[in-house]
Amino acid sequence: MSMIKAHHLAVSYGHGEAALKVVKDVSFEVQKGETFGLVGESGCGKSTILGALAGRNKQWTGTLEIDGEEIGQKRTRSQLAKQQLVFQDPFGSIHPRHTIGRTLLEPLEIHGKDRRQERIEKVLTDVGLPLNFRYRYPHQLSGGQRQRVAIARALILEPKILLLDEPTSALDVSIQAEILNLLKDLREREQLTYILVSHDLAVVAHLCDRVAIMQSGGFVEVATRQQLLENTVEHPYTRILMDGSRGYVSERRKSDSAALPA
Amino acid sequence: MANTSDTILTVESMSVEFPTLSGVTTAVRDVSFSVGREKIGIIGESGSGKSTTGRAIMRLQPPQAIVEASRMQFEDIDLLTATEEEMRAIRGRRIAMILQDPKYSLNPVMTVGEQISETVILHERATPKEARSRTLAMLERVNIRDPERVFDLYPHEVSGGMGQRIMISMMLIAQPSLIIADEPTSALDVTVRQQVLSILDDLVVERNIGLIFISHDLNLVRSFCDRVIIMYAGRVVETIAAADLDQAQHPYTRGLLNALPSLDNPKDRLEVLRRDPAWLEN
Amino acid sequence: MAKSGTFSNLHDWLISEEFTSARQARLHSIYLAWLSLLANPLAFAGFAVVFLLVVVAALAPVIAFHDPFTQDFAIALQAPSSVHWFGTDEFGRDVFSRLIYGARTTLYITILVTVIVAPIGFVIGATAGYLGGWVDVVLMRITDIFLSFPSLVLALAFSAALGPGIENAVIAIALTVWPPIARLARAETLTFRHADFVIAAELQGAGTGRILLRHIVPLCAPSIIVRLTLNMSSIILTAAGLGFLGLGAQPPMAEWGAMAASGRQYLLDAWWLTTVPGIAILTVSLAFNLLGDGLRDIMDPRNG
């Protein structure tokens, strides 16, 4: 069963003459429990698609279906709770003057949920944070701990979809591994569907089943994880991105080795 | 390649300490290394002291910081005893620095062309007219397609990749013998990063100079540098040839390598780094 | 020994970041603020004077050993002595007692103005900043109109129109104080308007009221409190000015500005009538300024 269906989705910023079409007519479907990746360089429109799915960018055309329900530009509370966004920057995404407990209580109050303290304790345990962290302020936590809090806040409304916007690119390698493992565990345990935006194909290949490679607002290729790992992708741009995630390719060494056989 | 053994910079037991309200914090502890005519990478996580090390070499540490070392020799200059005036003559000319965001290194109220020309006039005693044509040539050298247009842009009008190229073009003129690059490509897209690194690579190899490349990106340092220094909590835990990184011995280096998701070596679960307090003792 | 032990335990408990309750977390941040206030001698001096002002105002009947309103022409215009510390005025009233009671008036005016101005300024500024568009334009142009008059002239005009009296003076002063607060609230709101944590709240369904009160208020509060504290001195001075011109507190009420004004006629013979309330005004407004500067260092969100 498909959890997300986007059909001829186009997103723009601004109005009238100055309107800028950032995403041009993309269509995709994401199955329940699947992780779909969006990869590309800055300005390619990957975060904009995520914003449209989250309800952040309201200027879109086409059709969007989430959990079998067609979504309009304005969403109800329960529609908003179906998917939650995890931001890139763990330092800017948590209110600096709220304790962690307050941050987690906020969505429960908005949605009038019961058993609030119980839910907060459960979600803190789920993301691997000690319970007394709820009394702390964000500035008393490390980047990795804050990202766990951000994930906890996204999970507390029991959404079906997590929209992950470069969730590990601001973190150190060792912390990135912890967060990626956590995301894998949560997906399995909570039956979640993910959309992961990243510029790093290695991270995407680690987490995603399928990935759309984007360039200037459109998909150039939708590749499976298998294709990435077996290096059987079709589009040359995908190859460039894959090389990039492996590191630097010396032009000199390349030309040297090319010159050698001749 | 004959010059590879020439040592440009020697640092022996350098420590950097910051006095804080709750006592003294040691950001860098007993670090020793030397840089020859090579690309040497310093890798570490945030708080490992890698950037502090780079700044301490330039003597650009914050005023309250205390830098101590048994030796800090840059070519014929003793960096420990050099006066501030001597340091000013060294910075930018004999040791150049590239930072993550070129905007902070460029003057925001001067066009990039004017800034490069100024360097030309300073170093080559050229007339303003000659300086302009030299500048345009330099911009072309760093693969800027439309140098005439870029000449008149202000720093805020250029992209990150373009900014780093402009920084490199200034170095082409100043001809430093050591470049310290602190995360120069972290804010750049993959394709732009490749171009900037390739220009930097050419510069270092052609001029036969030294490069200290500070980064958190293991794959990048491994593929770009000749040697790698791995730092953890202000200490050098290991120094190893980039090609041999996979054979690294120190558990921290191994932990970092295993924590990295890889296209060529996929794993279901990434290894989580277990920090051993013993790493802090040496 | 035992006592200092308890104190150091309390200190450790307050400094520790291993919180076991929300109350400890809150006390921890208050305690840290207190420690940084202690570390700033000028701000602490300001705090001490303001604290003293509050104590004096609360305990006025105890501290003042003469009735501030009893007139006795037999002892009019007496110089400072052991009986009348600051002398007596033209009606034979004890200046020291009137000064003590005047602290009440001063505090009454500043607190009342602040209580009126803070919510109005915040709501107008934050709404304009958060909603933007035509709401912003309308609200900010209204603010500009108020800002374009010199505040004392505006206060004068209002209190002349409303009639003399302390309540009207409060309203008149409030009308001149809110516009800068609104501007500040708007500027602060604009910096947080597109912060990720505000967007996160919006995407969870938080309404405009909740975002303004729960998310924007805690962030704007420090700079608004600092601004208001710095404004206290100008409120006191405006109140004194109105009192001086006879538009504020009416006789026989003790008010520092009015006291200075009535002493003006006897300036050459009885210097204490103007000097004493003048020094009081100077001290208190300086104290509020010092405290405000210190609070800015302690509370500014950009510091923590």
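Let me start with how the chains meet. Chain B and chain C do not touch; their nearest C-alpha atoms are 11 Å apart. Contact here means heavy atoms within 4.5 Å. Two pairs of chains do touch, and the pair with the most contacts is A and B.

Some ground rules. This is a predicted model, where local features need pLDDT of at least 70, side-chain atom pairs count only at pLDDT 80 or more, and totals for chains, interfaces and linings use all residues. Residues are numbered from 1 along each chain as its sequence is written, chains are lettered from A and ligands numbered from 1 in the order in which they are written, and side-chain values use heavy atoms, with hydrogens and water left out.

Confidence next. pLDDT is the predictor's confidence in each residue, from 0 to 100. Chain A averages 90, and 96% of the residues score at least 70. Where pLDDT is low, the predicted coordinates should not be read in detail.

Now the sheet in chain A. Helices (H or I, at least four residues) and strands (E, at least two) are DSSP runs, numbered from the N terminus. Two strands pair if DSSP finds at least two bridges between them. The sheet is open, with six strands in the order E6-E7-E8-E3-E9-E10 and mixed pairing. E6 and E10 (218-224) are the edge strands, each pairing on one side only. Neighbouring strands are turned by 20° against each other on average, direction ignored.

E6(A) pairs with E7(A), residues 161-165, in the parallel sense over four bridges. Leu85(A) has Leu163(A) as its bridge partner. Which residues of E6(A), 83-86, point which way? Gln83(A) and Leu85(A) go one way, Gln84(A) and Val86(A) the other, and all are buried. Buried means under 20% relative accessible area, exposed over 50%, partly exposed in between (1.4 Å probe, protein chains only).

For angles, axes are lines fitted to C-alpha atoms, for helices over the stretch in contact, and the angles run from 0 to 180 degrees between N-to-C directions. H5(A), residues 143-155, lies across E6 and E7 and runs at about 170° to E6(A). H9(A), residues 236-246, lies across E3 (35-39), E9 and E10, at about 105° to E9(A).

On to the interfaces. Buried area is the accessible area (1.4 Å probe) that two parts lose on being put together, summed over both. A salt bridge is a side-chain nitrogen of Lys or Arg within 4 Å of a carboxyl oxygen of Asp or Glu.

Chains B and A bury about 3000 Å², with carbon and sulfur atoms giving 51%. Three salt bridges cross the interface of B and A. One links Arg246(A) and Asp264(B), at 2.8 Å, N to O.

Chains C and A bury about 2500 Å², 53% of it on carbon and sulfur atoms. In chain C, Asp196(C), Leu203(C) and Gln204(C) lose the most area to chain A, together 30% of what that side buries. Four salt bridges cross the interface of C and A. Glu106(A) and Arg210(C) meet in a salt bridge at 2.9 Å, N to O.
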